[in-house]
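User: I am new to this structure and would like a short walk through it. Could we begin with what the terms mean?
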Amino acid sequence: MNFNPRTPNTGAGRGPGGSGRGPGGPGRGPGGPRRPFVKRVSEFKERVIEVRRVTRVVAGGKRFSFRATVIVGDMKGRVGVGVAKGLDFSAAVQKAQRQAERDVIKVELKDGRTVPYELEAKFDAARVRIKPAKKGHGLIAGGSLRTVLELVGVKDVSAKILGRTKNKIANAYAGIEALRELSAVKK
């Protein structure tokens with residue numbers, strides 16, 4: 001819209017929503033009436049494994065935000081990890097959940113209970129080993145690796161974090177890397 005100081009401003013065309021006096025009526029922008037907010041229902045279960053308050057130093061001082069790490073899975077062979085930042089706790093968790101749902105991998109489990117063979121993977125300083133186990137053995141694992149295996153739907157497995165790092169994010173991604181071997185294999 002061209003601005004001419006000699007013509008009166010009618011208020012129409014003031015961006016999305018306008019002034020309410022435009023041709024669409026009150027509260028209507030160029031796209032028509034606003035759709036009602038519908039909360040999205042996810043098919044995945046989610047677990048927040050870590051939330052930290054982080055600081056960024058700027059010219060005026062410090063800016064605080066939150067970093068959340070979320071693992072999502074459907075207990076039927078799909079799992080993903082997401083890390084995101086937000087200005088408050090809930091915003092960070094929601095962004096991390098969306099990130100995790102975008103990065104979901106599909107895993108083929110043996111009998112829907114365990115991994116078909118021994119897996120080992122590394123991510124940064126984290127190393128993990130996942131071994132198959134007989135029915136009824138249970139899920140033997142610790143830390144964020146246990147959360148990854150629970151949400152993918154593994155019921156019988158022995159897993160161990162071999163690396164020296166205690167970093168939950170690195171250990172979770174190492175577990176995802178190990179399971180990624182199974183997602184590439186087709187029966």
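Analyst: Buried means under 20% relative accessible area, exposed means over 50%, and partly exposed lies in between (1.4 Å probe, protein chains only). Of the 187 residues of the chain, 34% count as buried.

User: Where does the model come from?
Analyst: This is a predicted model, in which local features need pLDDT of at least 70 and side-chain atom pairs count only at pLDDT 80 or more, while totals for chains, interfaces and linings use all residues. Residues are numbered from 1 along each chain as its sequence is written, and side-chain values use heavy atoms, with hydrogens and water left out.

User: How many helices and strands does the chain have?
Analyst: There are 3 helices and 8 strands. Helices (H or I, at least four residues) and strands (E, at least two) are DSSP runs, numbered from the N terminus. Their order from the N terminus is β-β-β-α-β-β-β-β-α-β-α.

User: Which residues have the most contacts inside the largest nonpolar core?
Analyst: They are Ile71, Val79, Ile130, Leu149 and Leu179, in a core of 30 residues. A nonpolar core is a set of buried Ala, Val, Leu, Ile, Met, Phe, Trp, Tyr and Cys residues joined through side-chain atoms within 4.5 Å. Two or more residues each come from strand 3 (78-86), strand 5 (119-123), strand 6 (126-132), helix 2 (143-152), strand 8 (157-161) and helix 3 (168-184). Helix 3 gives the largest share, 7 residues. Another core, of 9 residues, lies apart from this one and includes Phe44, Val72, Ala96 and Ala100.

User: And what does Ile71 touch?
Analyst: Not counting residues up to four places away in sequence, Ile71 touches several residues, among them Lys45, Ile49, Val79, Thr147, Leu151 and Ala172. Contact here means heavy atoms within 4.5 Å.

User: Let us turn to helix 2. Why is helix 2 described as largely enclosed?
Analyst: Because 7 of its 10 residues are buried, helix 2 is largely enclosed by the rest of the structure. Those buried residues are Ser144, Leu145, Thr147, Val148, Leu149, Leu151 and Val152. Just after helix 2, Gly153 takes a positive phi of about 105°.

User: Why does Thr147 count as buried?
Analyst: Thr147 counts as buried because its relative accessibility is 13%. This residue of helix 2 is in contact with Arg47, Ile49 and Ile71, leaving aside neighbours within four places in sequence.

User: Where is Asp74 placed?
Analyst: Asp74 is in the loop between strand 2 and strand 3. It has a relative accessible area of 16%, so Asp74 is buried. Beyond neighbours within four places in sequence, Asp74 is in contact with Glu43, Phe44 and Leu151. Asp74 and Glu150 are 76 residues apart in sequence, with their C-alpha atoms 9.6 Å apart in space.

User: New topic. Which residues line the second largest pocket?
Analyst: The lining consists of Val54, Thr55, Arg56, Arg63, Phe64, Ser65, Lys85 and Leu87. Strand 1 (45-58) and strand 2 (61-73) are the elements that give two or more residues to this lining. On a 1 Å grid over the protein atoms alone, a pocket is an open set of points where a 1.4 Å probe fits, with protein on both sides within 12 Å along at least five of seven lines; lining residues have an atom within 4 Å of a point.

User: Finally, what share of the contacts joins residues 24 or more positions apart?
Analyst: Such pairs account for 54% of the contacts in the chain with a separation of 6 or more.
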